[in-house]
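Here is a friendly briefing to read alongside the model. Please keep the structure open as you go through the points.

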Amino acid sequence: MPTKVKCLASLEDGKRDLRPDDVEIKILYCGICHTDIHHVRGNWGADGYGYPVVPGHEIIGKVFRVGTEVSKFMVGDSVGVGCMVDSCQTCPTCNNDREQYCDFTTFTYGSLDRRDGSRNYGGYSEMIIVTEKFVLSIPENLDLAAAAPLLCAGITTYSPLRRWGVHPGSKVGVVGLGGLGHMALKLAKAMGADVTLFSRSQGKAEDANRLGADQFLISSDPEAMKAAAGQFDLIIDTVPYKHDVNPYVMALVPEGSLVLVGYVGPLEPPVNVAPVVLRSQNLAGSLIGGIKETQEMLDFCGHHKIMSDIKVIDAQELNSAYESLLKGDVMQRFVIDITTL
């Protein structure tokens, strides 16, 4: 892994002065997301953001200090920070609680502060300062380490499940059982859906059953996929690399939706649009959610006691965790114990 990823503790300019509406957080845990690897390795042209980069947008910690105008949080509160730390807060998308679409969204790292132009550093660090509106309350009954991935993987899968109206009796498919897939499965089940996991590996069947899947299908089996045709109201595709989505389009009911949440790039082979047009189906994508929806997701997880399956690691294990994620041989999310920096 390149040496461009650093701990914020080693950067003198990593923290701004506390503003009146700021919350300073002592970080306890930070989850590892595929996005972190993409930024560190420049897969998305990350050199345009400049280095060093401090990744991490699945942040859990305790309030350490608050600005004079902060009213929602007190010192000692358990809080979280996800993928965003600010936005313009005046445009139509912000006013509609969809800050993730704001043209001036300030992301947790690899982004510039909209007020003073300073560089933002993420959660692989001991402290972070965030505008109060973008700090999230963590339900008391959730394990703090296991709650960290909810701030990215959780909202990434919760948002499309809500947007496409999943309810008791909905037939939902989940493609892939990695960090995103296992959260999609848990959340869809909690919403009352009948959930099927699609996987290339028979070895994922036991985990799928443990997590509550009603059915398990081998996606590389043409006969199994043929039998699944026309069954699903919604399919959440969490696969993070190029793959053939046509079999999943065929698995949709008329007016059903296939939503991509794991892959950003051209699809290969191309999508056959004939069934999409003839059956009024939807091929869509989904990012994260706004702050209001993210808090709703956390409260939902607290009510249903939903947490990520995790492996807590020391900071010194970061490189090996990245390699495991790239190999795709893990289901759980890696979470860094920040006390080990």
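At 4% relative accessibility, Gln-100 counts as buried (buried means under 20% relative accessible area, exposed over 50%, partly exposed in between, with a 1.4 Å probe and protein chains only). This is a predicted model, in which local features need pLDDT of at least 70 and side-chain atom pairs count only at pLDDT 80 or more, while totals for chains, interfaces and linings use all residues. Residues are numbered from 1 along each chain as its sequence is written, and side-chain values use heavy atoms, with hydrogens and water left out.

**Around Gln-100**

- Gln-100 sits in the loop between α2 (92–95) and β5 (106–107); helices (H or I, at least four residues) and strands (E, at least two) are DSSP runs, numbered from the N terminus.
- Leaving aside neighbours within four places in sequence, Gln-100 is in contact with Met-84, Thr-105, Leu-287, Ile-288, Gly-289 and Gly-290, where contact means heavy atoms within 4.5 Å.
- Between the C-alpha atoms of Gln-100 and Asp-86 there are 9.6 Å, and the two residues are 14 apart along the chain.

**Overall fold**

- The secondary structure of the protein chain comes to eleven helices and 15 strands.
- The radius of gyration of the protein chain is 20 Å, which agrees with the value near 20 Å for a compact globule of 341 residues; the radius is taken over C-alpha atoms, and the globule rule is 2.2 Å times the number of residues to the power 0.38.
- The C-alpha trace spans about 60 × 40 × 40 Å along its principal axes.
- Of the 341 residues in the protein chain, 55% are buried.
- Among contacts between residues at least 6 apart in sequence, 69% join residues at least 24 apart.

**Nonpolar cores**

- In soluble globular proteins, nonpolar side chains tend to be buried together.
- The largest nonpolar core here has 85 residues, and Ile-32, Tyr-124, Leu-150, Leu-161, Leu-187 and Ile-336 have the most contacts inside it; such a core is a set of buried Ala, Val, Leu, Ile, Met, Phe, Trp, Tyr and Cys residues joined through side-chain atoms within 4.5 Å.
- Helix α5 (residues 179–190) supplies the largest share of this core, six residues.
- Another core, of 17 residues, lies apart from it and has Phe-232, Val-239, Tyr-248 and Val-249 among its members.

- His-57 lies in the loop between α1 (34–40) and β2 (59–66).
- With a relative accessible area of 7%, His-57 is buried.
- Apart from residues up to four places away in sequence, His-57 touches several cysteines, including Cys-30, Cys-33, Cys-83 and Cys-152.

**Salt bridges**

- Side chains of opposite charge can pair when their charged atoms come close.
- The structure holds 18 salt bridges, each a side-chain nitrogen of Lys or Arg within 4 Å of a carboxyl oxygen of Asp or Glu.
- Asp-21 and Arg-115 meet in one of them, at 2.9 Å from N to O.
- Asp-21 lies in the segment before β1 (22–31) and Arg-115 in the loop between β5 and β6 (127–131), so this pair ties together parts that are 94 residues apart in sequence.
- Arg-115 is partly exposed, with a relative accessible area of 37%.
- Lys-133 pairs with Glu-99 in a salt bridge whose closest N and O atoms are 4.0 Å apart.
- This pair links distant parts of the chain, 34 residues apart: Lys-133 is in the loop between β6 and β7 (136–137), and Glu-99 is in the loop between α2 and β5.
- Lys-133 is partly exposed at 31% relative accessibility, whereas Glu-99 is buried at 1%.
- Glu-268 and Lys-242 form a salt bridge at 3.3 Å from N to O.
- Glu-268 belongs to the loop between β12 (252–260) and α9, and Lys-242 to the loop between β11 (232–237) and α8 (246–250), so distant parts of the chain, 26 residues apart, are linked.
- Glu-268 is partly exposed at 46% relative accessibility, and Lys-242 is partly exposed at 42%.
- Salt bridges that share partners join Arg-16, Arg-19, Asp-22, Asp-113 and Asp-116 into one network.

**Surface**

- The protein chain exposes about 14700 Å², of which carbon and sulfur atoms supply 51%; accessible areas come from the Shrake-Rupley method with a 1.4 Å probe, and for residues only the protein chains shown count as cover.
- Val-273, Val-277 and Leu-278 form a nonpolar patch on the surface, with about 340 Å² of accessible area together.
- Patches are made of residues with over 30% relative accessible area and no salt bridge, with like charges joined within 9 Å and nonpolar side chains (Val, Leu, Ile, Met, Phe, Trp, Tyr) within 5 Å.
- Val-277 lies in helix α9 (residues 274–278) and counts as exposed at 60% relative accessibility.
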